[in-house]
Structure formats: structure tokens, C-alpha cells
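Good morning, and thank you for coming. Please look at the sequence and the structure as I bring them up.

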Amino acid sequence: MRRGAVVKRVALNGAGLLVALFAAFPVYWMIATSLKPNREIFSATPRPVPAEPTLEHYRQILTGNLIPGVTFADFFLNSALVAISTVLLSGLVALLAATAVARFRFKLRTSFLIMLLVVQMIPLEALVIPLFLMIQRLGLYNTLPSLILTYLGFSLPFAVWMLRGFVAAVPKELEEAAAIDGASRLQTFRRILFPLVAPGLVATSIFSFITAWNELIFALTFVNDQDRYTLPVAMTFFFGRDDTAWGPVMAASTLFTLPVIIFFLLVQRRMVSGLVAGAVKG
Amino acid sequence: MTTLTQAPETSAARETPARRRRRVDRLPYLLLLPCLVIIGVLLLWPLGQVVAMSFFRLNNVRQLRGDREWPWVGFGNYAEILGDPFFLTVLRNTVLFAVANVALTMILGTLVGLLLNRLGKRMATFVASCVMLAWATPALTGTIVWKWMFDDTSGLVTWLFNALPDGLSNALFGRADWTGYGWFNSPLLFFAILTLVVVWHSFPFIAVSVLAGLKSVPSELHEAARVDGAGPWKVFWKVTFPLLRPVFGILVVLSTIWDFKVFTQQFVLAGGTQDRPTFMLSIYSYAEAFSPPPKYGLGAAIAVVLTLILLLVTGIYVRMVLKQEEES
């Protein structure tokens, strides 16, 4: 009996290690490759750990011009500009809407919530053609605002859906007390609700950031000038097609991935509860 | 005095219906306005627009800018794609890929969720953190790394196959030297690798959700079943699965929706939109519309077909969520 338990323990832990390896290995391999000198990357027998770690690939992508006058840093900045603008706009609009749904009962409330669910299921890939038309008509083709606008639409439904939970969690009594003390609605919102919802707003913003930061198809389609490419487009364009430069490719991938991983780990808990909301009764 | 909060329980108790009606509050609508405008303009209007575009012959970007006429072709675009045997190939690819990926993701995710629930605390934290890494990795870079691992000269997978004893490798695959082997050349192998990449990206969400569900199930139920002599297989199907049925329902639907519209992974793995035999609906629509010569109308028609399929799945999803909101 006891021996059976030990065998079981070992088997479970072994399975756990296998799962961990499968899940984390590609990320490890990306970072490891980015730190290897070329002769190690292209050697016949790959080494599990870089024998002579080097930052030469990072130096190459950070200082070298990918096209004349444009470096990796420029693409990084384009991406950051688009993602941060998206986050700010989407956060503001989502907070207003989430307050409306969480704090008021009005006629169209349920319809609005259903609509939020439904629009999240719209295949965004199907919208690339009509949005391309809209961007052309608005004269925004080949500009970064075309992407900010697009990502704002994409990130908003989930942001509202997630934020409404945070707003609802703030005790109403606090606001009622403030109102009795003579605070105006705006003051109540700014002094009471906003500070208490701020952590939720940060979490929501991270999701909007990741959406905007990772997006490829629309960025590929709406921006034509190479110096305006966002990072994902630059990566598929300059690296993805040149199969020999794996060192710089992995260095660029690492720089692209790390902010996302860090942000993601901060908020992943809320993602589960947001997506399977109400599915499990505690 | 108006307050910011008007929950139904309190206000309904204090106010008569007549009083409430008199005081229709415009504030919630004002707060919703920007959100509604954005969703309307950027999601709903384009959704209508894609349907409209699918009825026109749009082969020139100047038509989109409004400089040229839009010739109406009725269901011409739909007739063209439905009459094209290639469309059936694409549809078959899409459906088979989605079914295989949903099944594999659900099985692997559920097994990992069950495993995490059984592991000791420190081990569970370690495994869960590793699983989180796969989830957090952007589709783009995750795919690039897998592509590197399948590189035909220095890739890790190529090396692994080369490291197999020659006799065994010959007996199993009919070749011993894998250097220069085109992993992405046959459509079947391409789809297998794409499946690996997509499952790797999507099983963590299933695992974590299943784990969250398991944590909410009283462990006495499992113990009681085990005491009664039920094996793990039976415990899962007789106890765990029925209790977590709503979670599984939602997870299957979400996975189906995600796997039907896989784009980035395919685009990166195939190196663009040239690999026609491996097309699925979303990349087919994109390629028709944006690869020269552009056919926006035709691309729109394909996008509409994809949307209709997903709409069906979404209908099921919304019904499930609403049912649960009612129950809780």
C-alpha cells in the first residue's frame, strides 16, 4: 500500500515535469538561442545551455539599421506608441461604460451586456476588409492612428466586461455616504470610485496592451511605409522570411515577448474569471 | 437628491413604480455613449459592411476610396467560391483543423488541470508557472520559435530525428538523414506542426480553467466515490465531469471559436499567403482580398461564410452564459 503510494507520487511528479518541460521549453529555447554565438546556433549538435553566452545578437538588432535609418528601437517605439494610446483610450471609455452597467439599472442594460458578449465573438479577421475600406475613406491609411482606432474597438468589449466586476465590487455605501456629505457625482466618481477601481483598471489595461502589442494582421494591412511598421510586422518582414539569421530573430523575439510575459503573469488570474464568468458556483 | 447608486433591491423597496418612472436617469446612457459609438462604428458597422461588400465586384483600391463605381454582382461572389472545388478543400481544412485542435486542446488541458489538482503544493506552483509561460507567449513569437525548432538544418527537431538510431529511423520513416528535410512541405505535416503550435498555445487556458473548476468541487465527493471503489476514470466521468459540465461547455465553445479563425500562427509558419494547399477560411479570405490582384468582394464573401459559421457557435455560447447568469 505504502509502496503503491510512492510509485503514484513519482508518476504524478514525473508527468508534472513533462508538462512543465513541454510548456516552458520553447520560451527557454528562444532565450537560450538569442544568447548563443552563431557557431553554437548552427552547430550539428545543439547545446542545451549556451557555452559562451554573448549579447552580440542583441547588439546587432539594437544598433544595426534594418532599413536605412530605421532600427529595431524605432519599431519598438511604434508598437509602444500604438499600444499605450490604445490602453489610455480604451481604459477611459471602458471605465465610463462599466460604471453605467455596474451602478445603474436601466432599460437596455441586459441588451447591452448581451451585445458585449456577442461582439467579442465577431471574428476580427473577417473585419479586416471593411475596416481597410473605412481607413481608406478616413484618409488614415498608412498611419499609426489607423491601428490605434482599430485596436480600441477590439479591446473595448472585453475591457468593459472585465471592469464591470471591479466597479461592482466597490461598496455602494461609500458612494452613498459621499453623496450625503454633499459630494457631486463627479466628485464621488473621482474621489471614491476611481481610486478603488484603479487596480482593476490596471489589470484591464494590461489586457488591452497585450491585444494591441501582439496584433499582426491589421498592422500588416493598414501600414505601408516600412519606417511605420509595428514590431510584429517588422519581425515577420525582416526576420521571418530570412531563415538563416536565427540569432537576431531570437533576440528580437525575446525583446518582444518579455514585456508581454511579465504583464501577463501579473493579471492572468483575472482572465480566467473574466472568460468563464459565472460558470462555477463557489 | 440623486445618488450614483441605484440598485434595484433598494430603490424598488423605497420607491413606487410611478416615482421611478418619473425620474428616468440619463446619466447611464451618457456614460455608455462613447462605448456604444466605438463598438458601433468599429465592430458592428464593419460587420454589416463586409456583408454589403460581398455583393459587389471590388477589384481596385480606388473603388474603396469611392473614386470609382461599385458594380453590383448579387450572389456572384458566393457562386464563384461555392463553385470552386478549392473552396471545399479550404472548408474541409478549416473544419478538420478546428475539430482536431479543439479535441486535443481539451484533452490535454483537462488532463493537466486534473494533474495540477493532484500535485503537491510546490510542484503544482512550479508546473502552473511553466504552463503560464506558454499561455503568455504571443502567438507571433511562439510560432517563430517552433519554426526555428523545425529548421531543416540546425533545428532541434531535425537534430532529434538525426539522433535516432539509423536502423530504427529507417524502419519507421524510411530515412535516416533528416538534414534538409522540408518539415513544412507536405500539407499533412504542416497541419500537424500547426496543431502542435496551436495546442501548445491554448491548452494552458483550459488547464487553468479546469483547475479553477476542480477547486470549487467539494473534495468529499471525490473521496466518497473513491471509497466506494471507483477508479480514476469512473470518478472523472461520474463525479467530476457532471459537476463541471457548464465549464466544459464554455471551454469547448471558446476553443472552437478560437481555432476556427487561427491566422497568425499559420501566416508565420507558412511564411505568408503563398501556401495555398494549407489554406483555411481566414487566411483564404485575406489572401483573396489583399494579394495582388486584389479581390475585396470575393474576400468579403469568404469572410461572411466564416462569420456565419462562428455565429452559429456563438449562439450556443451566449445561451450557455445566460443560462448560468440566471442560475447563479
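A residue is called buried if 20 or more other C-beta atoms, placed from the backbone, lie within 10 Å of its own, exposed if 12 or fewer do, and partly exposed in between. A nonpolar core is a set of buried Ala, Val, Leu, Ile, Met, Phe, Trp, Tyr and Cys residues joined through C-beta atoms within 7 Å. The model is predicted, and local features need pLDDT of at least 70, side-chain atom pairs count only at pLDDT 80 or more, and totals for chains, interfaces and linings use all residues. Residues are numbered from 1 along each chain as its sequence is written, while chains are lettered from A and ligands numbered from 1 in the order in which they are written.

The largest nonpolar core has 169 residues, and among those with the most contacts inside it are A:Leu163 and B:Val131. Contact requires C-beta atoms, placed from the backbone, within 7 Å. Beyond its neighbours within four places in sequence, A:Leu163 is in contact with residues including A:Ala94 and A:Gly200.

Let us turn to chain B. How many helices does chain B have? Its secondary structure comes to 17 helices and 0 strands, where helices are DSSP runs of H or I with at least four residues, strands are runs of E with at least two, and numbering starts from the N terminus. Of the 328 residues of chain B, 40% count as buried. The C-alpha trace of chain B spans about 85 × 75 × 30 Å along its principal axes.

Finally, the two chains meet: 90 residues of chain B are in contact with 89 residues of chain A. Helix α3 (residues 27-53) of chain B gives the most to that side of chain B, with 14 residues.
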